[in-house]
Amino acid sequence: MWRAVKRLFHQASIGDQSYRFLFKPGPDDEVVVLDTETTGLDVKTDDIITIAAIKIRGDRILTSERFEAVARPDARMSAEAIKVHRLRHADVEGGELIFRILPDFLRFVGGRPLVGYYIDFDVAMLDKYIVQLIGIELPNRLIEVSALYHERKYGDAPPGTQIDLRFAAIMDDLGLPRLEEHDAFNDALMTGMMYLALRDLKRRNVRISRQRQAPVIDALGA
Amino acid sequence: MPKSFDATNPPFDRLETQEIEALRDTLDVAYFPPGEVVIAQEAAAEHLFVIIKGTVEERDGDELVALLGPKDSFDSRALVHGRSGHAFVTREETLVYLVPRDAVLRLIQTNPRFASFFYLEISRKLDALAHDEDEQRVGSLMRARVSDVRLQPASFIDAADTIETAGHRMREIGSNALLVRNGERTGIITGMNLSKAVVLRRLPLETPVGELAHYDVVTLAPDDFVFSALLLMTRHSKRRIVVRDGDAYVGILEDIDLLGFIGGSTQLVAGRIDRAQTQQDLADAAGDIEGQVRLLRRQGAKIEALCELVSDLNRRLLERLHGMVCPPALRDHACLIVMGSEGRGEQTLRTDQDNGLILDGPVDPTALDAYRRDFNGALERFGFPPCPGGVMVSNPLWSKPLDDYLADFRRWIALPDETAHMNVAIFYDAVAVAGDPALLERAKASLIELVRGERAYLAHFAKAIDAFAPPIGLFNNLITSEGKGDALDLKKGGIFPILHGVRALALEKGFLETGTAERLQRLAEERVLKPDFAREVTQAFRFLSGLRLDAQLAESGGRSGSLVRPATLSSMERDLLRDAFLIAKQFRDIVRRHFNLAMF
């Protein structure tokens, strides 16, 4: 609701008219799955280091049509963050300034809904710059995979049920292959897999059992 | 780009680094819900699908042909020829990489090794694998250390000691070489040096060995590579290398042991069997057979060569044992035969005994009883398990006059039941090991004559190929119950249908060959089977037998080695396993049509 109001407000207040396409709905069956790696977890003081976005069309994750960029952060990366994403100062020095990256990113995303895990954080990070660039925040509809998961698994749970929405827990529960984490592209790809699996479960009206030991995709472990 | 795409998996392992990078760039990932048709039968495909997670059924109409799992790719036919032979349907939620058709075709054009994977027919694929395995096995040999080889003891003698003392010492320690301590120097002296000194130079036995020893000793450390030992021996024309660990003398490496380590020493085992004086000698030799098989297999020996070797050794062993325990009253009136896999020459490790005795007429019952008891008793002590079905000399049903056998044949063929069919089957595979082979020849000729033209009987006989559930079904079971320790029965799934189908066809033709490969060869010559197909069946049979042997070696000592766990196979091997089963299935269908088994 709040986003819809903001959206109306932004549509009126967009600074750069050439970005009006952001308000045009994208192709029907397409979304963009998004992940960023940042210097830390504080939206106010930390910066984006890498952005990865992959289009999903129907049941396909179009890894061949992806957006990947390394930004040169203003903020110093915290040692903690370096441990997480394993990009050192030296690795990002060759990166572009974020303001040079964003126009391409916005054109890649267009009006498509954005899918992510804890997507609010990624979008808040992006908005910090986008507002400065074009005067508005990202107007796109946001789809939170952990919410989809919560609905499939805990939607009918009695109060007091222990809830586990960790990224790894969702991957394991859905039986999805764990790629090397904390690489924006891999994280986005895994998030895309989660999204497709969860959307399919909902379509087929299959709930995720809370007792289940075996994963949904039960296959020969490779 | 999906860095996670595994390019170590065939056929992508044949690509150059930049080809892989370019390929990765073109990949998409697709998700399929359960029960979705990925490629319809006879349809073209715009992508090569490589499974990330999940299971896909390969179907021919209603029939399940194979189950594909992670890292498996499909379907090269739909991609290259524009028409898939089979349909591909997801069994469960499945994630796949999509490799665009254009990218694959481009690689096929530019990379011959990649292309060959796509065009290779099964038998050539099998050879490719065998080659890879060879390289691995040779590789492991190249990495072997001197300490892995059996060494002769490092026993010292003083330079002042006499030739006589040295000779006695050599006999005591069972070695043909001694180290000689001569002041600061260390030399070596061999039995050959001693003999030459005494016989050729007529030196007295009291001569000190110090002056006979060789002091240009070549040494290596225990953790040196075996191949350096080989090189040193060749370079210095030395038959022995002294192994030293720092100041300590560890042993003497003899060329004979080195060759035994590298090439196996089956002729030594054969020699021990031939020279055996007592049953204990034979038991010792029998114990060496398995070790030889293991060694040779590790060094890349082909399964058919191994089978030949083991059969040869086992038959020698039985022949020798027969010579030891056969009472004179029986000697010229009996023929010892081995049947079943022993007769076909397809046993690898010790299988159950399947032996019998054909007599040329009534013999002294006491002598016969003694033979029955002694022969099978000895085999059991040698570690050959008794036959659960009682097909052994010790059973009077399998040690009797030829005429009684002929009466049996008539009964087995007139009133066939499962046991009768099995008896005909194993007897048809029989070969003579000792005694008068003419007895077996006459028996077999009668058997073949009895079934000649008996279409209904032969069809009943062939029917056993349907005895076990389809192999592809087993494979299915295996994939779906992964992790529960379930494994695939190679014998029931593929080996048995092939060997029995071949046996039935050969029996109909009255061939006298006993080996499955030889029978297939004859079937191709007589145009019962197309030569290409006969070759593929032979390859599939050998591949399955090889896997079975590896499984047997892996669980050496355990009873059943027919099980293989696909999770432990490489994806290439799994691919081949599937193909081999597919061929077994095709072959079964041919046999079924040939004998019109659908009637039953």
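Let me begin with a definition: two strands pair if DSSP finds at least two bridges between them.

Some housekeeping, friends. This is a predicted model, where local features need pLDDT of at least 70, side-chain atom pairs count only at pLDDT 80 or more, and totals for chains, interfaces and linings use all residues. Residues are numbered from 1 along each chain as written, chains are lettered from A and ligands numbered from 1 in written order, and side-chain values use heavy atoms, without hydrogens and water.

Now, the strands. In chain B, β11 (residues 177–182) and β12 (residues 185–190) run antiparallel, joined by six bridges. B:Arg181 has B:Thr186 in β12(B) as its bridge partner. Their hairpin has two residues between the strands, and B:Gly183 takes a positive phi near 60° there. On to β10(B), residues 156–158: three bridges join this strand to β11(B), and the two run parallel. B:Phe156 stands opposite B:Leu179 in β11(B).

Next, the nonpolar cores: sets of buried Ala, Val, Leu, Ile, Met, Phe, Trp, Tyr and Cys residues joined through side-chain atoms within 4.5 Å, buried being under 20% relative accessible area with a 1.4 Å probe, protein chains only. The largest has 65 residues, and B:Phe587 is among those with the most contacts inside it. Helix α21 of chain B, residues 490–509, gives the most to this core, with nine residues. A second, separate core of 53 residues includes A:Ile143 and B:Phe12.

Key
Buried means under 20% relative accessible area, exposed over 50%, partly exposed in between (1.4 Å probe, protein chains only). Helices (H or I, at least four residues) and strands (E, at least two) are DSSP runs, numbered from the N terminus.
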